[in-house]
Amino acid sequence: MTILLATLNARFTHASLGLRYLLANMGDLQESTRLEEFVIGTKTTEVVEKILAHKPRIVGLGVYIWNAEEAAKVVAVLKRVAPEVIVVLGGPEVSHETAEQAIAQMADYVVTGWGDVTFPKLCREILNGPKPLMKIHAGVQASMNEIKLPYAFYNDKDIAHRTLYVEASRGCPFKCEFCLSSLDKTAWPFDLDTFMAEIESLYARGARLFKFVDRTFNLNIKSSLRIMQFFLDKLAAHPEDPVYAHFEVVPDHLPDALKEAIAKFPPGTLQLEIGIQSFNPEVQATISRKQNNEKAADNLRWLCEHSHAHLHVDLIAGLPGEDMDSFARGFDHLVKINPHEIQFGILKRLRGTPVIRHTETYGLVFDPYPPYTILANNCIDFATMQRLVRFARYWDMIANSGRFANTLKLILDQSPFANFMALSDWIYVKTDATHRIALERLTGLVGEWLRERGHDAEAVTAAIDSDYAGQMQKREVRLKGAAEHARNKAKADALPQRQARHLAA
């Protein structure tokens with residue numbers, strides 16, 4: 001074996017689509033190339049030991065915002081114990097501001113941008129000569145028809161135990177400045193017939209959980225409808241063995257034909273990730289985000305009322321020009337629409353994104369370490385931003401978890417943002433923690449806070465007991481369903497656990 005492709009994934013259940021693209025496009029080097037995935041949190045020396053066990057001449061390492069610091073440690077140790085091994089970096093984290101990064105300085109070569117063509121070419125030059133003189137190699141963007149699709153390189157263990165990432169297109173035509181896709185000129189689709197054949201093959205091999213990473217799945221409605229019909233056909237043919245799909249869509253572009261297709265999906269089979277980010281038109285203009293807020297809100301309401309899709313809607317705190325009052329209004333507006341989950345994110349400065357141009361005007365201060373979260377701006381000071389960070393964490397634990405469906409109504413009442421911020425501040429004072437709070441303790445804290453706020457003690461107890469009973473019932477349903485699936489030799493994990501909680505809420 002000559003070449004090892006490696007990365008550190010955020011979780012075991014994640015499978016690296018990027019590495020599989022590289023492997024699929026290695027050409028004559030494919031037989032001498034292997035793939036090895038690790039999980040962040042693994043001891044650095046263990047990662048290096050397993051890398052070197054393959055006896056590689058070249059290690060291609062995928063670097064992302066979530067693994068940047070640990071990847072740097074891996075490269076540092078690898079170059080100390082095996083300096084003869086050539087390290088080639090790639091991935092979004094090292095594709096911008098490359099030269100100033102310590103990990104890039106330690107590595108032998110860096111491929112920026114698309115690596116499908118450039119990485120194999122670089123490997124041939126390293127192995128066969130002439131030796132490349134430049135350290136940084138700008139990735140060549142090949143024609144979409146020239147890129148070999150990677151899905152055959154999901155193995156049986158991946159299919160059985162991991163989320164399968166797929167993409168019908170790359171790129172995005174929108175220019176939202178906090179997103180790396182803002183650097184794209186447009187979106188580029190893969191040949192749809194070829195892509196659908198690959199998805200069919202994955203399904204035939206047993207794949208049932210597909211996460212599309214297309215930045216804007218509903219950009220080409222004709223293609224979207226064909227892909228959705230694939231899943232609907234499988235659901236109709238085998239309702240006892242359901243398939244599950246996740247798409248990222250823009251909220252103000254849901255024509256009737258797409259709504260009709262979405263409405264056909266039964267519960268537990270479709271998740272839509274929908275980026276709102278901000279309802280403030282001035283903030284949207286500042287970050288070059290085009291969005292019809294009225295149409296977006298109407299479409300969200302329609303999805304809530306007329307579909308079984310699980311809605312995961314994003315807001316971002318800390319955007320330039322948005323103060324606490326503006327964000328609170330947007331948050332309250334979204335709560336009233338009542339999607340299943342509101343993903344409360346904090347602005348991050350992804351390397352290469354244009355949002356940095358607002359630094360001086362809006363006083364943007366970012367953490368210098370990954371994931372480069374905003375620390376303060378001229379509207380929100382550091383202490384307040386930390387309160388928002390804690391709010392986001394507790395919101396995930398209480399609201400998005402689905403474990404407090406009835407109690408959450410008492411918490412939010414008529415002022416969702418203000419009330420949950422008060423609860424967040426109170427929990428932090430009581431616990432001095434945002435992680436490792438046991439569910440039993442969290443439940444007790446929520447009940448205590450509600451009673452302190454003057455809520456009727458019996459009503460609080462009834463809501464908490466109802467949520468607890470619901471969790472036990474849902475657990476029994478999941479266990480029963482798992483047993484039935486096992487007897488039928490079907491997948492017991494076809495429905496993501498967190499979505500299952502919301503379905504039964």
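The buried residues of H9 (residues 256-263) are Leu258, Lys259, Ala261 and Ile262; buried means under 20%, and partly exposed lies in between. These four cover an arc of only 160° around the axis, which puts them on the same side of H9. The arc is taken from the directions from the helix axis to the C-beta atoms.

The buried residues of H9 pack against helix H8 (221-237), strand E12 (270-277) and helix H11 (293-306). Contact means heavy atoms within 4.5 Å. Helices (H or I, at least four residues) and strands (E, at least two) are DSSP runs, numbered from the N terminus.

## Model and confidence

This is a predicted model: local features need pLDDT of at least 70, side-chain atom pairs count only at pLDDT 80 or more, and totals for chains, interfaces and linings use all residues. Residues are numbered from 1 along each chain as its sequence is written, and side-chain values use heavy atoms, without hydrogens and water.

Mean pLDDT (the predictor's confidence in each residue, from 0 to 100) is 93 for the protein, and 93% of its residues reach 70 or more. Over residues 485-494, pLDDT stays under 50.

## The parallel sheet

Six strands form an open, parallel sheet, ordered E2-E1-E3-E4-E5-E6. Strands pair if DSSP finds at least two bridges between them. Strand E2 (33-39) and strand E6 (136-138) are the edges.

Strands E3 (residues 58-62) and E4 (residues 86-90) pair over five bridges. Gly60 has Val88 in E4 as its bridge partner.

Notes
Buried < 20%, exposed > 50% of the residue type's maximum accessible area, 1.4 Å probe, protein only.
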